[in-house]
Amino acid sequence: MSIPTATLSIGDLLRSKRVVTTPAAESGGCSSQGGDGKASCGSSAGPHDMPAEIWEKVKNHPCYSEEAHHHYARMHVAVAPACNIQCNYCNRKYDCSNESRPGVVSQKLTPQQAVKKVLAVASEIPQMTVLGIAGPGDALANPKKTFETFRLLQEQAPDIKLCLSTNGLALPDYVDEICKYNVDHVTITINMVDPAVGEKIYPWIFWDHRRVTGYEAAKILHERQMLGLEMLTARGVLTKINSVLIPGINDEHLIEVNREVKKRGAFLHNIMPLISAPEHGTVFGLNGQRGPTAQELKAVQDACMGGANLMRHCRQCRADAVGLLGEDRSDEFTLEQIEKMEVVYDIDKRRAYQQRVEAERKAQVEAKVQALATSGAGHSDDIKVLVAVASEGGGRVNQHFGHATEFQIFELTATSATFVGHRRVDLYCQGGWGEDEQLPSIVNAINDCHAVLVAKIGACPRDELLAAGIEPVDAYAYEFIEKAALSWFADYRQRVASGQIVHRSRGDASIRQGAFTAAA
Ligand code: CLF
Ligand code: SF4
């Protein structure tokens with residue numbers, strides 16, 4: 001395969017707003033064969049954008065459907081400690097960077113313990129629809145534990161979707177087993193399609209009973225990843241590609257990765273920021289390799305629009321995460337706590353609860369459609385802004401500013417409200433009091449936004465946000481997010497049109513490095 005070498009930098013991307021153009025012949029429709037060329041079709045798509053059987057698979061998977069992630073939860077079980085490669089952004093004392101944020105896994109589990117935990121979580125959190133195995137090492141470097149967990153779970157909780165994440169080295173050897181256990185969703189972390197780029201990311205792989213290094217290691221890994229992806233596509237398994245954006249190493253190269261994985265049938269492409277700090281003890285952390293800024297990440301994602309469908313709502317969660325994306329309830333389900341719980345796996349009760357979730361989700365979609373129908377009327381401006389939203393789930397503006405550990409970011413135009421990412425922040429309100437020293441970092445995290453929509457906000461953060469030029473908005477508390485955001489935006493444009501305020505572009509924002517601070 002010839003591998004074109006891209007020469008654009010992130011700076012070039014930011015200036016040129018370059019967009020991938022994929023030859024029509026490569027477009028395979030918005031299905032498991034990849035996207036149809038429209039922006040972000042996959043993760044934010046609905047039932048009219050794909051075949052019914054694909055929609056069935058993704059509709060309540062919080063990672064494969066942006067809409068679902070407001071309503072449905074996933075959990076991971078840490079049954080896979082070993083890994084068969086080394087990534088320069090990983091330190092084995094921490095979670096797998098593929099699918100987690102840095103931080104040790106609390107407990108490694110046997111398959112039996114894992115299944116017990118899944119049943120306990122499923123009985124407490126009926127909107128938990130997906131069980132993923134995502135480390136802390138590589139799911140397929142631990143095949144016995146991974147597949148035993150899937151086998152046991154399928155017998156005992158057949159309504160839970162199975163999902164796994166892998167670096168791809170061992171993938172071609174396990175496609176049959178993946179299909180045998182009805183694992184419908186597989187994530188492959190692919191950071192390069194050129195071994196010359198790969199050797200800067202992977203110092204070694206363990207292959208054919210020996211340690212292989214340098215270009216040869218990256219070449220083997222690349223070939224195995226491509227083969228595995230093609231085999232899964234041929235068997236109808238939905239695939240998501242995770243790529244870690246490493247400025248100066250694979251930033252512009254990810255456009256090429258996007259093209260190549262689309263060609264091979266990837267359903268989604270998730271471009272995630274490198275999380276790198278010296279205290280993580282990783283090669284990149286120790287040698288000062290930085291992660292991207294918010295605008296750099298968005299520039300690469302935007303440049304890939306038109307290629308494979310993009311996921312932008314990934315939370316880089318822990319290998320033992322539990323709950324909605326963005327929340328982590330793993331502390332409530334330690335082995336000791338599970339021992340004390342009365343676990344009743346009632347599939348009918350789960351279904352009944354999920355029907356209520358579906359009704360709420362439908363109402364959110366309808367509210368968005370109605371808001372869009374009126375928001376563009378009478379306005380000819382082309383103003384585009386970002387807003388931050390505090391939400392604890394359900395697709396509503398329903399969180400106090402001080403309780404937020406992340407803000408969801410939406411891009412608004414007169415005719416669209418699109419989820420484009422999230423920003424982790426340190427908790428402002430700790431033990432009932434606002435921690436004012438946290439405020440500057442929170443403002444930095446949403447500094448590119450024109451407004452922040454919250455359920456409630458105190459006087460001190462309100463003043464600090466206003467001083468930074470970010471409008472705190474609590475007028476739409478508990479409304480559906482898109483409707484609230486579009487209503488605020490219509491009002492904002494009116495104020496601009498009347499000369500009451502002047503519209504100005506805002507600057508960049510920082511991506512939080514590492515885990516958020518848990519509530520005290
Ligand atoms: Fe887990 Fe990954 Fe399955 Fe999701 S996570 S194995 S596909 S169930 Fe999701 Fe977490 Fe991002 Fe992964 S938010 S890190 S994309
Ligand atoms: Fe770490 Fe995952 Fe890379 Fe293995 S594949 S080295 S566990 S980030």
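This is a walk through the structure above, from the whole chain down to single residues.

Let us begin with the overall picture. The model is a predicted one, so please read every value below as computed from that prediction. The protein chain has 520 residues, and 58% of them are buried. Its secondary structure comes to 16 helices and 18 strands. Among contacts between residues at least 6 apart in sequence, 74% join residues at least 24 apart.

Now find the sheet with 8 strands. This is an open sheet, and its strands follow the order β10-β9-β8-β5-β4-β3-β1-β11, with mixed pairing. At its edges stand β10 and β11 (322–324); each has a single partner strand, so one side of each is left without a neighbour in the sheet. As a reminder, strands of a sheet pair through backbone hydrogen bonds, and the pairing can be parallel or antiparallel.

How many of its residues are buried? The count is 6 of 6, so β9 is mostly covered, since buried here means under 20% relative accessible area. In a regular strand, side chains alternate between the two faces of the sheet. You can follow this along β9: Leu268, Asn270 and Met272 point one way, while His269, Ile271 and Pro273 point the other way, and all of them are buried.

Look next at the strands on either side of β9. Strand β8 (residues 238–245) pairs with β9 in the parallel sense, over 6 bridges. Within this pairing, Lys240 stands opposite Leu268, and Ile241 has His269 as its bridge partner. To get from β8 to β9, the chain passes through helix α9 (residues 253–263), and this β-α-β crossover is right-handed. Strand β10 (residues 310–311) also pairs with β9 in the parallel sense, this time over 2 bridges. There, His269 stands opposite Leu310.

Another open sheet has 3 strands in the order β2-β6-β7, and its pairing is antiparallel. The edge strands are β2 (85–86) and β7 (210–213), each of which pairs on one side only. Strand β6 (residues 204–207) runs antiparallel to β7, and 4 bridges join the two. One of the residues to look for is Trp204, whose bridge partner in β7 is Thr213. The ring of Trp204 has a further neighbour: the charged end of Arg211 sits over this ring, 3.9 Å from its centre.

From the sheets, let us turn to the nonpolar cores. The largest nonpolar core has 64 residues, and Val77, Met128, Leu131, Phe150 and Ile178 touch the most other members. Helix α4 (residues 111–124) gives the most to this core, contributing 7 residues. Apart from it lies another core of 33 residues, including Tyr64, Cys90, Phe284 and Met311.

In total, the structure holds 9 aromatic pairs.

Our last stop is a hairpin formed by β13 and β14, with 2 residues between them. Strand β13 (residues 406–413) and β14 run antiparallel and are joined by 8 bridges. Thr413 stands opposite Ser416 of β14. Strand β14 (residues 416–424) is mostly covered, with 7 of its 9 residues buried.

Move on to the loop between β14 and β15 (429–430), and you will find Leu427. Is Leu427 buried or exposed? Its relative accessibility is 6%, so Leu427 counts as buried. Leu427 and Leu439 are 12 residues apart in sequence, and their C-alpha atoms are 9.3 Å apart in space.

Technical notes. Residues numbered from 1 in each chain as written. Chains lettered and ligands numbered in written order. Predicted model: local features only at pLDDT ≥ 70, side-chain atom pairs only at ≥ 80, totals over all residues. Heavy atoms only, no water. Core = buried A, V, L, I, M, F, W, Y, C linked by side-chain atoms within 4.5 Å. Buried < 20%, exposed > 50% of the residue type's maximum accessible area, 1.4 Å probe, protein only. Phe/Tyr/Trp six-rings, centres within 6.5 Å; stacked < 30°, edge-to-face > 60°. Lys NZ or Arg CZ within 6 Å of the ring centre and 35° of its normal. Pairing = 2+ DSSP bridges. Right-handed = clockwise from strand over helix to strand, strands pointing away. Contact = heavy atoms within 4.5 Å.
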